[in-house]
Amino acid sequence: MGATLTLHDDIAVITINNPPVNGFSLVTRRELGQALEEAAENKQIAAIVLVGAGNVFSGGADIREFGSQQAWAEPNLRSLTRQLEFLAKPVVAAIHGLCLGGGLEFAMGAHFRVAAPGTRFALPEVKLGLVPGGGGTQRLPRALGVEAALNMIVSGEQVDVAILQALPGQRLIDRIITGDLMEGAIAFARERAVDIGQNGTPLPRLRDLPAQHPLAEGFLQFARNTARAASDRFPAPVKCIDVVETGIRHGFEAGLASERDTFVALMESPESRALRHAFFAERAASRIPEVPESTPLRNIGQVAVIGAGTMGTGITMNFLNVGIPVTLVEAKPEALERGVNGIRSIYAGQVKKGKLKAPELEQRLALLQATMRMDDCAGADLVIEAVFEDRAVKESVFRELDRLAKPGAILATNTSTLDVDAIAAVTSRPADVLGMHFFSPANVMKLLEVVRGKATAHDVLATVMSIAKKIRKTAVVSRVCDGFIGNRMIDQYGRQSGFLLEEGCTPQQVDRALESYGFAMGIFRMGDLAGNDIGWAVRKRRYVEKPDVRYSRLYDMVCELGRYGQKTSAGWYDYQPGKRDAAPSPVIATMIEKFRADTGRKPRDINDEEIVHRLVWALVNEGARILEEGIASRASDIDLVYLAGYGFPAHRGGPMRYADEIGLYNVVQDMKRFSRNPNDDATFWEPAPLLARLAAEGGRFT
Ligand code: NAD
């Protein structure tokens, strides 16, 4: 499949046909090139209409060719667009659905563009750390004006055709066709053919238009400052502006040359490699080993959530947001009232900020049934339990669910640490049970760990992955273990951060190092935000279950002082009541100093590089174990968990990817060096067998 040409009297219709999104693969490009030649040579053909097969015009470059030689092989997108532009007969792009990236760049080579209502346009290359590479940086400013075009190029966001058509003086959209697109486009093409044939009007080409801005210098400076402020870790947005500027100052061809050089250079940048890794990681995560993509799904029309606490209310909102009714069951009337009020007040806040319309608030709340009766969830297709983290409480809830849930209902637990298989075992239908581990706040955080039990049925997993997509979560499958993927790794990161304090760091020094590496938040600020008591409860259990595993006493000492974090206005930092600004705490400084003196430790200076590598390699080593044990199916799943749920810097691509970038040999060398530190824990730094093997072989995780 690639491109086909059909004749409609004197009009040739060339259809781009490469499912699922008509990506410009090499085969498609070759066939398009041939079809265009044929249309140019055939004297019967007066004009050409370009359309996309299926639901979209084109999603752009074929991602399967990304980064390969094939992507640049002739005819590449730039050559093909040029071929279109220099064709001596009118070419009309008839656009519907989506017109993205290379799709839009190609369409801008046509002499005219008509579109169906609702069509969305974007140049999303910046989201992969790139500039558009097929002439988009030069033709879009000529079609829309510099300001509107730069907005699209630098943000990468999709824009509706109606907004584009309304831009004063725009030359991107010649007509919106409300009826049959193909018929309308053919009629439009015929009109243009007659007009051009009879009046000798030259074919309009975007390349011939000027790219202008009345105050170009000032505007571009402003745009640069804004782009830098928004994403100082990524070079691409500012490069987009540079390339557009070259086109403004030195003309179309110079702009095109600069675009190509910049594109090629950015393709090799670590930032773009990291973003492309994350992009592919997201796609890979939806493929579950042994679960075919064709697995039939169960229907989810009604959801029930048990427990109206912090998590239950957040989870509920995810479904209300996409129009799925939820029955929210709670044991305590005051908790139920608090939960429902909480949901209402979050929506009200969104209305106030203009993010939600008032009638939408009512529509969403109308989908919510709040109840104290468990029996009310008997009709639910999916039940998510979010009661206290207590095995006995959860098991009793699951026994009841087993009694009352309808046959075929999916039963999920939001447990953070408990054994999903043990919970499933109290029911007579363990195949219907799995974990859905949301992160707090559950209505905001993107990550969802889908915990696959030993008995979980394939269609249960496939259905939950699909519903996750519907509620716009980034879902990653984890097998059962203590902490699943994310929290099991964070435990090692937490342990190591305690050792850093013992040895000489302050909490603020560790946090600063992590934040300048790119983490959204350092570990101690994160602890204060989440509540230090949560980890304390987990550690108390671990002290019994795994007495050999050493944690720094400092972590417990903070909790023993009642310093749980922001909620008590005191944690690793001091807080003004009700405020989130973290101030270094003299109490903590004294506590740490006293601990060092009592245990005979002489503090030493530890630089930022050592801090970051000790913490990130702690994640990586546990990640390697998780991979080896089959808890995660692939290293990129682990990266996705960290990018979507733990604020890992996007420009580093995730811990496993970052380790690959540094080189696993170097990672293991660092770990050996750390293990020789008498104040660290030598067993902590024993490389996981998989890591040791890959390092020795010169292999990689990703
Ligand atoms: P929470 O204490 O805020 O809420 C639990 C609610 O469940 C309470 O309102 C309680 O009254 C209710 N409840 C208890 N037994 C019940 C029963 N039999 N029937 C109906 N309602 C019942 O707790 P939370 O923070 O929302 O945590 C809930 C679950 O989510 C836990 O398993 C926890 O480990 C997990 N989790 C929490 C977080 C987090 O950051 N808070 C993150 C991920 C997962």
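Analyst: A charge sits over a ring if NZ of Lys or CZ of Arg is within 6 Å of the ring centre and within 35 degrees of the ring normal. This is a predicted model, in which local features need pLDDT of at least 70 and side-chain atom pairs count only at pLDDT 80 or more, while totals for chains, interfaces and linings use all residues. Residues are numbered from 1 along each chain as its sequence is written, and side-chain values use heavy atoms, with hydrogens and water left out.

User: What makes arginine 192 a charge over the ring of phenylalanine 188?

Analyst: The charged end of arginine 192 sits over that ring, 4.6 Å from the centre of phenylalanine 188. Lysine 540 lies over the face of tryptophan 536, at 3.7 Å from the ring centre.

User: Why is the contact between glutamate 191 and arginine 175 called a salt bridge?

Analyst: A salt bridge requires a side-chain nitrogen of Lys or Arg within 4 Å of a carboxyl oxygen of Asp or Glu. The closest N and O atoms of glutamate 191 and arginine 175 are 3.1 Å apart, so the pair is a salt bridge. The pair links distant parts of the chain, with glutamate 191 in helix H7 and arginine 175 in strand E9, 16 residues apart. Helices (H or I, at least four residues) and strands (E, at least two) are DSSP runs, numbered from the N terminus.

User: How do you know whether glutamate 191 is buried, partly exposed or exposed?

Analyst: Buried means under 20% relative accessible area, exposed over 50%, and partly exposed in between (1.4 Å probe, protein chains only). Glutamate 191 has 35% relative accessibility, so this residue counts as partly exposed.

User: Why is glutamate 268 put in its accessibility class?

Analyst: Glutamate 268 counts as exposed because its relative accessibility is 55%. Its salt-bridge partner is arginine 273, with the closest N and O atoms 3.9 Å apart. Arginine 273, at 24%, counts as partly exposed.

User: What makes phenylalanine 524 and tryptophan 572 a pair, and are they stacked or edge-to-face?

Analyst: Rings of Phe, Tyr and Trp (its six-membered ring) pair if their centres lie within 6.5 Å; planes under 30 degrees apart count as stacked, over 60 as edge-to-face and the rest as tilted. The centres of phenylalanine 524 and tryptophan 572 are 4.7 Å apart and the planes stand at 65°, so the pair is edge-to-face.
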